[in-house]
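Have the structure open as you read.

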Amino acid sequence: MTPTREIFWNIGDVRTLVHLLMFIPLFFLLYGLFFHFRCYRLGRGGKGFDHVLKRMVSLFSTVFTHRTILKDRYGGLMHLFIFWGFFMLFLGTIAVFIQDSVLRTLLEAKFLHGGFYLLFKLTLDLSGILLLVGVSMGIYRRYVLKPSKLDTGPEYAFVFFLILLITLSGFSLEGLRLSVLKPSGSFWSPVGSVLGSFFESTLQENWRLAFHRTLWWVHLGLSFLFVAYLPFSKLLHIFSSSFNIFVNSMTPSFTLQSLDFGSERFGVNRIRDFAWESLVALDACTECGRCQSACPAYLSEKPLNPKKIILSLQKRMRKELPFSFGQSLPRDLIGDAVMEEEIWGCTTCLNCVKQCPVFIKPLKKILELRRHLILTESRIPLEIERVYRNLEWFGDPLGIGKINRDELIQSTRIERAGNEGANDFLFWVGCQGYFHDRNRRTLIVLFRLLQKLGFTFSVLGREETCCGDVARRTGNEYLFKTIAEKNIECFEKRRITKIVTHCPHCFNVFKNEYPHLGANLMVSHYAELLKESLEKTPRNLSSDLTGKVTFHDPCYLSRYNGIFSEPRRILKSIPGLEIVEMSRSKEDTFCCGAGGGGMWLGRQIGKKMNEMRAEEALITKADYLATACPYCLNMMEDGLKSLSKGVALEVVDIAELLDRALV
Amino acid sequence: MIQILVCFKQVAHLYSRRGVDSSGKIEPDAVVYAPNPYDEIALEEALRIKQQVSQAEVTLISIGPQRVEKALRYGLAMGADRAIHLCDQRLESPSPWITSKALLKLIQTQCFDLILCGKKAIDDNGGVVGAFVSELLSLPFASSVTEIVLAPDGKKARMYRVLERGDRHLIECDLPALLSVERGVIRPRYPTLMGRLIASRKEVLRVRPEEFGIDSLLNGEPKIKVSRLSILRPKPKKMFRPDSNLSAEERIQLIMSGGLVERKSHSLKGSPQDLAEQFINFLEENRIIKKGRKSAD
């Protein structure tokens with residue numbers, strides 16, 4: 001006799017009954033999913049369904065490989081085990097269902113028999129073990145290790161318990177069946193046969209049959225409960241997170257949609273102001289807490305927690321649409337679901353977006369809320385309002401005025417823009433470079449270095465204005481657009497196509513956001529330029545410059561644009577330097593606190609981010625703290641000063657180090 | 001309907017002295033034109049009155065060359081209903097008397113219950129135009145007022161006059177009147193995007209001096225004659241230098257607020273060794289002694 005699955009063995013003829021009962025959990029499942037789907041339809045139209053094929057590839061490559069989830073080793077493996085265990089068992093159940101209901105009645109055919117069946121059994125047994133291991137790891141982490149990012153509410157325990165019971169009862173059923181039927185090849189179901197011999201030695205055969213019958217119904221009931229409970233519990237993420245990966249993994253992680261100036265409302269203050277894709281994202285949160293433990297605002301004890309924002313928006317979305325079909329009045333979000341201090345606590349460092357395994361992008365929601373505060377209600381923190389006025393009238397956030405930009409040009413004798421054809425590129429200095437004493441020192445060195453390396457370039461001087469980054473990150477889309485259009489016009493008038501910037505913030509807007517407004521530019525950051533130049537023509541670098549150096553990655557270089565190897569390559573090319581890394585580096589870097597208007601917002605609550613980062617740098621015992629951003633440089637210098645450690649560690653720009661080493 | 005007129009000047013911010021040429025004129029690039037902050041506050045007062053009373057219309061009036069329109073648009077974006085611009089190149093920098101006469105002619109074409117203007121313009125720091133105009137119109141005049149409240153019938157206004165050290169006069173006057181507004185607790189609003197869009201669609205009513213018969217005034221002898229203009233290099237201003245131990249944001253706060261803070265003193269604590277360490281650190285950081293102690297250890 002070939003080995004096969006005895007479906008409904010020992011249960012009697014209940015096939016029709018079971019098939020009818022199946023509709024109950026299915027009804028709950030579909031009703032629940034339909035409710036969530038109706039929630040998403042509250043949002044405005046968007047494009048989440050174009051490039052279906054690409055989106056499918058993105059979805060499957062993310063879900064099956066767990067590439068984003070595995071960033072956290074323990075949690076990732078745990079979820080990988082549960083996922084694959086669960087997925088294979090689910091496929092197994094489907095296979096049994098197909099075999100029993102479809103093939104048996106229609107074709108009188110069988111595929112679950114013989115060698116394939118044995119392999120099938122082995123796979124399912126192993127999947128069960130995988131699932132048990134995963135669930136145990138989960139329970140251990142959530143209820144024994146208790147990391148602060150995870151909630152320990154009873155609903156999580158219930159879900160774990162449910163999965164555990166379903167798996168264990170499944171294994172027991174298998175064991176009981178094997179102990180009575182004693183088929184050949186029990187080697188292929190290791191867990192079942194071990195349990196089987198255990199039952200055989202402890203229970204009489206008629207007891208085993210009775211126990212099997214009872215447990216069968218329990219197993220069925222629990223499975224049905226699982227399916228029915230799914231859309232109303234954290235298990236929803238099976239659907240919502242997958243759907244969100246499909247809808248949102250292709251959209252850029254930070255570039256905001258440009259605003260439709262013809263509409264009545266700007267930004268978001270109600271659930272209905274969100275695009276429907278954003279609402280899917282709210283439902284997709286698995287509460288893993290990775291954004292929370294990466295958020296510099298949260299870690300420095302400020303009133304912002306990206307996870308909390310997503311969850312309270314999610315709560316509001318579900319309240320907006322009661323389970324009944326009645327309409328409810330839309331309520332404002334700001335001041336109710338999200339507080340103003342939370343919205344202004346963000347430094348736009350993008351870490352929440354990068355850490356989220358299911359592409360939720362809390363930063364974008366915060367920026368949408370900011371847009372509402374600024375554009376619709378004009379509720380602006382005083383410091384930021386001053387920045388806006390300075391930008392509008394003077395063209396720089398500090399209100400120093402364009403003519404003063406010439407000071408740097410006069411002291412360095414760099415050519416003012418005019419005849420672009422003769423030069424390699426336009427060097428965009430940026431407001432920080434022109435107006436901040438420390439950064440001006442960096443720039444003088446950088447200009448000298450570029451000339452030494454044989455580049456010819458020009459600068460705009462008094463014709464340069466702010467790039468608009470501050471305006472956009474704080475939500476003032478109007479000002480951003482005005483500034484950007486003026487800049488693009490200036491580039492076009494002067495036929496400027498190649499730009500090298502000093503500040504990563506300028507670099508990012510030019511590279512990623514100006515193209516949406518019609519600019520056609522080749523933009524690079526000077527770190528890229530220096531690296532390329534060093535690789536093309538090896539230079540004679542002195543080995544007199546010695547010591548350890550640690551590199552602080554600016555958010556707008558590493559996370560926003562993936563540039564973290566270039567500056568390290570430059571540092572590595574200096575023979576006397578040894579690179580040591582801080583605990584958080586490269587794409588996981590910790591924000592200095594100046595981005596997203598943070599430079600100007602007086603954030604007196606909690607710890608200071610730059611001090612926290614400076615302490616991290618001190619731990620490395622490095623002699624130099626190198627960076628490649630004017631904001632970061634100042635913040636780090638200030639952080640060290642306020643820790644009274646200004647001497648222990650010298651804060652330098654990578655260009656300054658290279659200049660010192662270049663003979 | 002209560003009609004409020006707000007005199008709205010575009011001022012020249014002379015933020016830089018480096019652009020002075022040999023003739024003593026300031027380079028155009030060194031000038032930034034922006035609405036006079038006091039006039040912004042006057043407009044804010046007017047807009048608040050508009051919110052108080054059920055029906056009111058706020059009209060901006062301004063004189064000057066074409067560039068003034070930008071300031072008026074900003075005022076419209078803040079929420080003013082209309083803007084009238086007496087436009088002429090000869091009004092580039094008129095004397096207060098000519099300004100007052102020109103404004104008078106403009107105002108006489110309008111009906112009004114209240115005229116507001118800023119206490120002074122921050123470029124020429126004159127502060128006389130409001131008083132001149134009220135005299136020419138024989139209107140009650142109060143200077144340096146803030147928090148204006150209108151009586152329900154719109155016949156009287158009650159307001160505070162700002163005195164020194166936070167003292168206030170509470171005064172009341174009959175309307176129509178002309179009031180010059182001081183910076184009080186009221187902060188002018190920042191235009192919303194909707195305001196900007198509405199303003200961009202509105203028309204700034206442009207009128208010519210010929211229509212008012214003040215052509216002769218502009219061509220005639222000015223009351224004040226500039227005999228010689230020389231702009232001296234100003235004395236180097238003592239810059240406030242905040243404590244370098246503060247963070248960037250705190251220092252920026254201090255610089256922006258004019259540095260009204262006591263210098264932080266530093267007390268050292270710890271064992272004698274720690275104290276010595278901290279003291280040397282302090283000396284090194286302030287560049288009193290040279291760095292390089294490490295090698296001596």
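1. The centres of domain 3 and domain 4 of chain A, taken over C-alpha atoms, are 22 Å apart. The domain assignment, automatic or from a database, places domain 3 at 393–532 and domain 4 at 536–661. Please keep in mind that this is a predicted model, where local features need pLDDT of at least 70, side-chain atom pairs count only at pLDDT 80 or more, and totals for chains, interfaces and linings use all residues. Residues are numbered from 1 along each chain as its sequence is written, with chains lettered from A and ligands numbered from 1 in the order in which they are written.

2. Between these domains, 29 residues of domain 3 of chain A are in contact with 28 residues of domain 4 of chain A (contact: C-beta atoms, placed from the backbone, within 7 Å). On the domain 3 side, helix H19 (437–452) of chain A is among the elements giving two or more residues, and H19(A) has the largest share, 7 residues. Helices here are DSSP runs (H or I) of at least four residues, numbered from the N terminus.

3. Now look at A:Ser300, in the loop between helix H11 (296–299) and helix H12 (306–320) of chain A. A:Ser300 counts as buried because it has 23 C-beta neighbours inside 10 Å (buried: 20 or more other C-beta atoms within 10 Å, all placed from the backbone). Its C-alpha atom is 6.4 Å from that of A:Lys608, 308 residues apart along the chain.

4. Leaving aside residues up to four places away in sequence, A:Ser300 touches A:Gly606, A:Lys607, A:Lys608, A:Met609 and A:Met612.

Terms used:
A residue is buried if 20 or more other C-beta atoms lie within 10 Å of its own, exposed if 12 or fewer, and partly exposed in between; C-beta atoms are placed from the backbone. Two residues are in contact if their C-beta atoms, placed from the backbone, lie within 7 Å.
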